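Open the model in your viewer and keep the sequence panel beside it. This tour tells you what to select at each stop.

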Amino acid sequence: MRRTRIWLVITGLTIAIITVLYFNVPLKEQKEVVADIEIDSSFFHLPTLYYGYPIDSFDVVEGKVRWNQNLSEILTDFNISFQDIHTLAKNAKEVYDVRKLKAGSNYSIILDRDSLRTARQFIFEPSPTEYVVYNLKDSIFAKLEQKPVKIAERAIVAEINSSLYASLMDEGASPLLVHPLVDVFAWQVDFFRIAQGDKFKVIYDEQTVDGKVVGIGDIKAAYFEHWGKPYYAIPYQTAEKVDFFDEEGKSLRKTLLKAPLKYDRISSKYSLRRFHPVQKRYKAHLGTDYAARTGTPIQTVGDGLVLEAKYHGGNGNYVKIKHNSNYTTQYLHMSKIARGIRPGVTVKQGQIIGYVGSTGLANGPHLCYRFWKNGRQVDALKVDIPSSSGIDAAYLEEFRVVGDSIKSVLDGIELVSKESLLAKIPKKEQDNP
């Protein structure tokens, strides 16, 4: 009994000592050991995407739509039945009608990698900025997708030695810039009579997809020196839209265009006594003859109301347009009048109203352009056409602040050598939202 008590006492003391030591004696700091593990990145290989579809286990065929080629002709080689093609055409009609496949457009086919080579998706590009996916596997449907467009600010300064087009090409600019730039100065510059040594500067947004230029965005500022006379183009938001004004706040847009077509040369000017090439006698020629190829589009020089559109004697096919109470124009010898152009129809400036020909008394394709001012026929090349309305007086001070800033930027872009150089100003690049 006594030994048992002694053993119990010893055991209790031992437990007490261990307990005290456990809670009061600091333990050695535990160190976390992290092993360096080498991961095989090939194990986590990301799939190759093609128009958003993984294609590592499939094949891709690319091509261009041939003239008169239809979807059936393309897909029947890839194990797609006529019934499925009919279903696809029906289901896709509201997205993009398969009957509108344009010759020369790109297409791609994603297909099974086996002996049947069955098409899974047919991808068609109706334009550089969009594509249509026609799904052929499981459910048959179509969806229209937009490609990401990048926008970069560019600036060009050049001296013209032959033509505006050639100067832009020399700078590596897209030919898509020609028309927007011409449109800005259409009322100040006769681009068919460019003088060697004319200069221009332009700051604009360039739109690219996959590294290719697909469009021209806003023109931020422009300058053109034509026959030694400088013209500034300053964009400013009016109540209706962004328009272009000179440094004084006057609109660059006139009420009428300088010329109604792209012509080769002026073959005959306004004259009170001209030898008629067909009638072989001297008579008044109250118009301007623009020589151009048959079929060249003719556009109305301004908004207006069609008074006449018909064939008549020596005039051949012609259109006559009243623009306002002061101005009327007439376009003669057309090969044909444009569809929809008839008396009573209103037309917009730049709208095509017909095509160059040699109908009536004419010995070659040309347009005879006649001009009336206040009811009297006058020489169109000598008419001083007034500007459209300028900046409202209430906003003129604000415009001048904006205009001075833009003008200083344009003045700071220099042509630094005899050869045209890319203007060196900071470039901004961003993704189109």
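**Stop 1**

Five strands form an open sheet in the order 3-4-5-6-7, with antiparallel pairing. Strand 3 (58-64) and strand 7 are the edges, each with a single partner strand, so one side of each has no neighbour in the sheet. From one strand to the next, the twist averages 20°. Angles here run from 0 to 180 degrees between N-to-C directions, along axes fitted as lines to C-alpha atoms, for helices over the stretch in contact. Helices (H or I, at least four residues) and strands (E, at least two) are DSSP runs, numbered from the N terminus. Two strands pair if DSSP finds at least two bridges between them.

This is a predicted model, where local features need pLDDT of at least 70 and side-chain atom pairs count only at pLDDT 80 or more, while totals for chains, interfaces and linings use all residues. Residues are numbered from 1 along each chain as its sequence is written, and side-chain values use heavy atoms, with hydrogens and water left out.

Now select residues 119-127, which are strand 5. Strand 5 pairs with strand 6 in the antiparallel sense over five bridges. Find Ile123: opposite it, in strand 6, stands Val133.

**Stop 2: helix 3**

Select residues 82-92, which form helix 3. Which of its residues are buried (under 20% relative accessible area; exposed is over 50%, partly exposed in between; 1.4 Å probe, protein chains only)? They are Ile85, Leu88 and Ala92. These cover an arc of only 60° around the axis, which puts them on the same side of helix 3. The arc is taken from the directions from the helix axis to the C-beta atoms. Turn to the other side of helix 3: Phe82, Gln83, His86 and Lys90 are exposed there. The buried residues pack against helix 2 (71-75), strand 6 (130-135) and strand 7 (141-146).

**Stop 3: a buried serine**

Go to Ser167 in helix 4 (residues 164-170). Ser167 counts as buried because its relative accessibility is 3%. Leaving out residues up to four places away in sequence, Ser167 touches Ala158, Glu159, Ile160, Asn161 and Phe200. Contact means heavy atoms within 4.5 Å.

**Stop 4: a loop and a hairpin**

Select Asp210, in the loop between strand 9 (199-209) and strand 10 (212-226). Asp210 is not a glycine, yet its phi is positive, about 55°. At 66% relative accessibility, Asp210 counts as exposed.

Next, show strand 11 (residues 229-237) and strand 12 (residues 242-245), which run antiparallel and are joined by four bridges. They form a hairpin with four residues between them. Pro235 has Phe244 of strand 12 as its bridge partner.

**Stop 5: the largest core**

A nonpolar core is a set of buried Ala, Val, Leu, Ile, Met, Phe, Trp, Tyr and Cys residues joined through side-chain atoms within 4.5 Å. How many residues does the largest one have? It has 31, and those with the most contacts inside it include Val306, Tyr331 and Phe371. Among the elements that give two or more residues to this core are strand 18 (304-312), strand 19 (316-322) and strand 20 (327-337). Apart from it lies another core, of 25 residues, including Ile156, Leu181, Phe185 and Phe244.

**Last stop: the whole chain**

Zoom out. The protein chain has six helices and 26 strands. Of its 433 residues, 40% are buried.
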